[in-house]
Amino acid sequence: MDLVKEIEKLKKDKKAIILAHYYVRPELQDVADYVGDSLGLSQKAAETDAEIIVFVGVNFMAETAKILSPGKKVLLPDLEAGCSLADSIPAADFSEFIRQHPDHIVITYVNTTAEIKSMSDICCTSSNAKQIVESLPKDQKIIFAPDKNLGNYINSVTDRDMVLWDGQCHVHHEFSIEGILALKSKHPGAKVIAHPECQKPILLVADHIGSTSELLTYSHNDACKEFIVVTESGILHKMKQKSPDKSFYPAPSDDPNCVCADCNFMKLNTLEKLYQCLKNESPEISIDPEMGKKALIPIRRMLEISEKLGI
Ligand code: SF4
């Protein structure tokens, strides 16, 4: 059976839209209607008039789509596709953290559960975190959660002193500085481009720091022909498609058992699971309606600020 053809047919018959993250397998990116990062995917999910949204990504992304469009059917090919960053912030602990920091505005990454979003004032992604923080008065006290590396980076570029939650993404946190320097000595002409969820020593050696979509744009527009890419390896597919004349090297991680920079949650998605998911309209994402209403407020604020700033 030609899975791609079957998926295309089901998608048409069911008036579904397939949204995929840059970190999923290449063949899934190629069958999607839209491929993007967390911000782009949230914006697409908010504006689509499709009756069914199939989210080829991880749980919190599909939840965000459901929060934005509670009346639509939102499907995720594998419910086990979670996120180590979202897992690093248990709701009860975060509630206590907020209680300990009165007068603070709570900014959380979209990489969180609906429950964490429901406790937040504004959401952000790595594409708009700096601008969202800068949209607040300089003396405003802020809690920034859950990614500590990104929080530290935003503190440094905005000259703020936000209170940070101690969470991290296992992929970005585990890149090896020694491995990156060794790769650089092998390819001295290559520029190091890194995601701000990486640890500080890596950001210090990076030629350019940016969100996944910013790194994609930068690698295409920059005159350099070689790049060491310090983010999830799935983005290399789009980088090569956009700039076939350039070379891209995935950065190594600290884990000796893994020479790749793969998010094991994103990689749970497969063509077979996508096909079954569309065919059976399952697994479906559901959110408690009251929780969904509360979680919608910070997502809407993020989208409004982003739209105003043209991000
Ligand atoms: S790459 Fe990191 S932040 Fe993104 S889904 Fe995987 S674990 Fe979560």
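## Domains that meet

Buried area is the accessible area (1.4 Å probe) that two parts lose on being put together, summed over both. Keep that idea in mind as you look at this predicted model, where domain 2 and domain 3 bury about 790 Å² between them. Carbon and sulfur atoms account for 48% of that area.

## The whole chain

Let's step back for a moment. The chain has 16 helices and 12 strands. Its radius of gyration is 19 Å, close to the 19 Å that the globule rule gives for 311 residues, so the chain is as compact as a globular protein of that length. Along the principal axes, the C-alpha atoms fill a box of roughly 50 × 50 × 40 Å.

How is the chain divided into domains? The assignment gives domain 1 (3-83 + 266-285), domain 2 (85-168 + 295-309) and domain 3 (171-250).

## Where domain 2 touches domain 3

Now back to the pair we started with. The centres of domain 2 and domain 3, taken over C-alpha atoms, are 26 Å apart. Nine residues from domain 2 and 11 residues from domain 3 take part in the contact.

How many salt bridges does the rule find across this interface? The count is zero.

On the side of domain 2 that touches domain 3, helix H9 (residues 148-158) gives the most, with three residues. Sorted by class, that side of domain 2 has four nonpolar, four polar and one charged residues.

Methods:
Residues are numbered from 1 along each chain as its sequence is written. This is a predicted model: local features need pLDDT of at least 70, side-chain atom pairs count only at pLDDT 80 or more; totals for chains, interfaces and linings use all residues. Side-chain values use heavy atoms; hydrogens and water are left out. Domain bounds come from an automatic or database domain assignment. Contact means heavy atoms within 4.5 Å. A salt bridge is a side-chain nitrogen of Lys or Arg within 4 Å of a carboxyl oxygen of Asp or Glu. Helices (H or I, at least four residues) and strands (E, at least two) are DSSP runs, numbered from the N terminus. Ala, Val, Leu, Ile, Met, Phe, Trp, Tyr, Cys and Pro count as nonpolar, Asp, Glu, Lys and Arg as charged, and the others, Gly among them, as polar. The radius of gyration is taken over C-alpha atoms; the globule rule is 2.2 Å times the number of residues to the power 0.38.
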